[in-house]
Amino acid sequence: MTDVSRLCPDTAVVLVNLGTPAAATAAAVRRYLAEFLSDRRVVSLPPWLWQPVLRGVILPLRSARVARKYASIWLADGSPLAVYTRRLAEAVQRELPDVRVVDAMRYGEPSFARTLERLRADGVRRVLALPLYPQYSTSTTASVGDVLARAGGLSTRMVDDYHRDPGWVGAVARSIREHREARGAGDHLLFSFHGLPQRLADAGDPYPLQCEAGARAIAAALGLDDAQWSLSYQSRFGRERWLEPATDATLDALAGQGIRRVDVIAPGFAVDCLETLEEVAMMLAERFAERGGTLRYIPCLNDSPAHARALAAIARRELDGWR
């Protein structure tokens with residue numbers, strides 16, 4: 001294996017996640033959502049049309065409600081997404097001791113743009129960005145690329161996706177296997193991915209195809225046949241059509257078929273966050289219980305050693321191939 005430290009002593013690897021409010025308060029959520037929902041990659045409406053709606057209607061109505069959701073999952077040392085992302089970067093750093101590894105957020109803090117500025121000021125000349133999105137999307141991964149493209153004075157490179165990377169697939173499969181060995185296998189395994197407006201997929205966004213390919217690879221690693229697992233999409237926003245089937249509708253259908261124990265994993269998320277801990281493990285679990293079933297949420301890989309090894313191997317391959 002190539003000694004990365006000899007190839008790129010002035011190189012940094014940045015693990016980039018989506019972002020999170022700095023506190024579980026309405027003010028902090030408002031600041032975060034204002035930045036997130038102002039990205040044209042996220043909402044493509046013209047600013048003159050969208051900003052009055054965002055700032056005059058959506059932020060005032062949603063901020064306090066979303067803050068309460070964050071409060072229900074907040075950890076002693078901060079937002080789960082921020083805490084686990086930071087710990088994951090530390091774990092990857094241990095796997096790559098001679099390469100600088102840091103974490104950043106596309107929205108919120110630590111800001112990806114300002115992280116790049118600090119790295120350049122520290123003498124770093126090459127940056128490998130590793131977005132913590134296993135599946136590529138123009139609404140997430142491409143936005144990281146936008147920031148990277150504006151970084152002056154740096155040679156940059158980005159990992160577009162890793163949805164079928166053997167190390168990552170193996171780590172997810174192992175986490176499912178260990179969960180089922182400890183608690184017994186459920187009657188069905190559901191892969192729940194974050195949703196996406198259907199129009200983006202219609203325009204060629206590869207996200208749903210990569211979700212399906214990744215889920216199939218994980219199911220194959222577990223030795224499951226097609227009847228033992230399914231795939232769905234969660235976290236809809238707005239009134240337009242999103243990817244289907246929806247996770248809530250899928251769980252309703254499974255309950256209607258008499259399936260009483262469903263194991264749910266969300267492999268589109270690198271670390272646990274609001275969408276997994278509150279939406280799936282709490283809200284959807286309660287909904288499924290009302291229909292007579294038990295939803296058993298399988299946590300994200302978070303800062304597990306297997307996750308750190310998989311991401312470090314991906315970074316190492318990229319660095320080794322960077323001449």
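## Before we start

Residues are numbered from 1 along each chain as its sequence is written, and side-chain values use heavy atoms, with hydrogens and water left out. Because the model is predicted, local features need pLDDT of at least 70 and side-chain atom pairs count only at pLDDT 80 or more, while totals for chains, interfaces and linings use all residues.

## The open sheet

Let's begin with the strands. Helices (H or I, at least four residues) and strands (E, at least two) are DSSP runs, numbered from the N terminus. Strands of a sheet pair through backbone hydrogen bonds, either parallel or antiparallel. Here, four strands form an open sheet with parallel pairing, in the order E2-E1-E3-E4; two strands pair if DSSP finds at least two bridges between them. Strand E2 (100-107) and strand E4 (155-158) are at the edges with a single partner strand each, so one side of each has no neighbour in the sheet. On average, neighbouring strands of this sheet are turned by 25° against each other, direction ignored.

How many bridges join strand E3 to E4? There are four, and E3 (residues 126-131) runs parallel to E4. Look for leucine 128, whose bridge partner in E4 is arginine 157.

## Helices across the sheet

Two helices to find next are H2 and H12. Helix H2 (residues 26-36) lies across strand E1 (11-19) and E2, and runs at about 90° to E2. Helix H12 (residues 305-320) lies across E1, E3 and E4, at about 140° to E3. Axes are lines fitted to C-alpha atoms, for helices over the stretch in contact, and angles run from 0 to 180 degrees between N-to-C directions. Contact means heavy atoms within 4.5 Å.

## Two helix pairs

Helix H5 (residues 112-121) and helix H6 (residues 141-149) have axes that come within 10 Å and cross at roughly 35°. Phe112, Ala113 and Leu116 in H5 meet Val144, Val147 and Leu148 in H6. The residues of this contact of H5 with H6 are six nonpolar, no polar and no charged (Ala, Val, Leu, Ile, Met, Phe, Trp, Tyr, Cys and Pro count as nonpolar, Asp, Glu, Lys and Arg as charged, and the others, Gly among them, as polar).

Helix H10 (residues 247-256) and helix H11 (residues 274-290) pack at an angle of about 25°, with their axes 10 Å apart. That makes H10 roughly parallel to H11 (angles under 35 degrees count as roughly parallel, over 145 as roughly antiparallel, 65 to 115 as roughly perpendicular and the rest as oblique). Thr247, Asp248, Leu251, Asp252 and Ala255 of H10 make the contact with Leu284, Arg287 and Phe288 of H11. The residues of this contact of H10 with H11 divide into four nonpolar, one polar and three charged.

## An aromatic pair

The whole structure holds six aromatic pairs (rings of Phe, Tyr and Trp, its six-membered ring, pair if their centres lie within 6.5 Å; planes under 30 degrees apart count as stacked, over 60 as edge-to-face and the rest as tilted). In one of them, the rings of phenylalanine 191 and tryptophan 229 have centres 5.5 Å apart and planes at 85°, so the pair is edge-to-face. Phenylalanine 191 lies in strand E5 (residues 188-194) and tryptophan 229 in strand E6 (residues 229-234), so the pair ties together parts that are 38 residues apart in sequence.

Most residues other than glycine have a negative phi, and most peptide bonds are trans. The peptide bond from glutamate 109 to proline 110 is cis, with omega near -5°, and proline 110 is in the loop between E2 and H5.

The loop between E6 and H10 holds proline 245. The peptide bond from glutamate 244 to proline 245 is cis, with omega near 5°. Serine 235 also lies in the loop between E6 and H10, and its phi is near 65°, a positive value in a residue other than glycine.
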